[in-house]
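This note sets out a few points for a colleague meeting the structure for the first time. Please read the points with the model at hand.

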Amino acid sequence: MKHNILLAFSFAERDFKERYIGTGLGQIWYILSPIITILIYTVIFSDFMKMKLDIVDNSYSYSIYLVPGLLAWTSFSTVIMRLNGSLLEKANLIKKINVPAFVYQLSIIITEFGILILSYSLALIFLLLVNQPITLTFLYLLPLLFLQTILAFSLGVIFSLFTPFFKDLKEAVPIIVQLWFWMTPIIYMKEMIANKYPALLTFNPFFYFVQIYQDIFLYSKAPSFEALISIMFITFVPLVFAAYLYKKMIGTIKDII
């Protein structure tokens, strides 16, 4: 197992180095990409949202609200979509090399978690620039971001196990993810849908994460014990289910990919 984990880190390192190979700016895109994303959403929605976002005494309140959720979602959705087709994309290696398929999938979340931490580091710099307080409460972010990545990993693995049998999933999952984004209060306030569509919040696992991130960034508010228990449940139930399905299905998948 130790060898497989080290191998996953090796694959992740190569993925990190090669992602922007051949581009003029190279790995600088790891920094530019989240900055540009935030700027686009802030410019587009700030005029509309500032009328509805009288929440903190800061002229950048909407950006402060937007940044944690958008960066977290970008990582969450990227992990799911990359994992979705991972077994098909690595089919030749899985067949020819005696390396468990999950090693390639682990390498994806190692890379994406590193990028997520880098993005949040830039977000903290943004808070300093706009004079938004950073307190010890922000230490909750690291374990929460890790748990979020585990949840994305679990869902991505589940999708990846069914995609070889139902290849339409490779095209359907990005659409599902896009709909999921708009059903989650990331660029709008949860109060805008809480009364009319409460189920979109209650049965939305990512909402429980993003709500905590927003509370930390806006108010330096620590999550409650109940919220942390919910997060743990939301994270580890799919993980156990994904592990069960992987064990049952991976042998058959190797024969058909």
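**Notes on the predicted model**

1. A polar atom of the Ser 160 side chain lies 2.7 Å from the backbone oxygen of Val 157. Beyond its neighbours within four places in sequence, Ser 160 is in contact with Leu 83, Asn 84, Ser 86, Leu 87 and Gln 105, where contact means heavy atoms within 4.5 Å.

2. On the basis of these values: the model is predicted, local features need pLDDT of at least 70, side-chain atom pairs count only at pLDDT 80 or more, and totals for chains, interfaces and linings use all residues. Residues are numbered from 1 along each chain as its sequence is written, and side-chain values use heavy atoms, with hydrogens and water left out.

3. The largest nonpolar core has 73 residues, and Phe 76, Tyr 120 and Phe 217 have the most contacts inside it. Such a core is a set of buried Ala, Val, Leu, Ile, Met, Phe, Trp, Tyr and Cys residues joined through side-chain atoms within 4.5 Å. Helix 3 provides the largest share of this core, 13 residues.

4. Helix 6 (residues 101-129) has 29 residues and spans 43 Å from its first C-alpha to its last, close to the expected 42 Å; the expected span is 1.5 Å times one less than the number of residues. Just after helix 6, Asn 131 takes a positive phi of about 60°.

5. The structure holds 14 aromatic pairs. Rings of Phe, Tyr and Trp (its six-membered ring) pair if their centres lie within 6.5 Å; planes under 30 degrees apart count as stacked, over 60 as edge-to-face and the rest as tilted. Trp 73 and Phe 206 form an edge-to-face pair, 5.1 Å centre to centre with 80° between the planes. Trp 73 lies in helix 3 and Phe 206 in helix 11, so this pair ties together parts 133 residues apart in sequence.

6. Tyr 120 and Tyr 213 also form an edge-to-face pair, at 6.0 Å and 65°. Because Tyr 120 lies in helix 6 and Tyr 213 in helix 11, the pair ties together parts 93 residues apart in sequence. Both Tyr 120 and Tyr 213 are buried.

Notes. Helices (H or I, at least four residues) and strands (E, at least two) are DSSP runs, numbered from the N terminus. A polar contact is a pair of N or O atoms within 3.5 Å; within protein, one must be able to donate a hydrogen and the other to accept it, and residues adjacent in sequence count only if both atoms are side-chain atoms. Buried means under 20% relative accessible area, exposed over 50%, partly exposed in between (1.4 Å probe, protein chains only).
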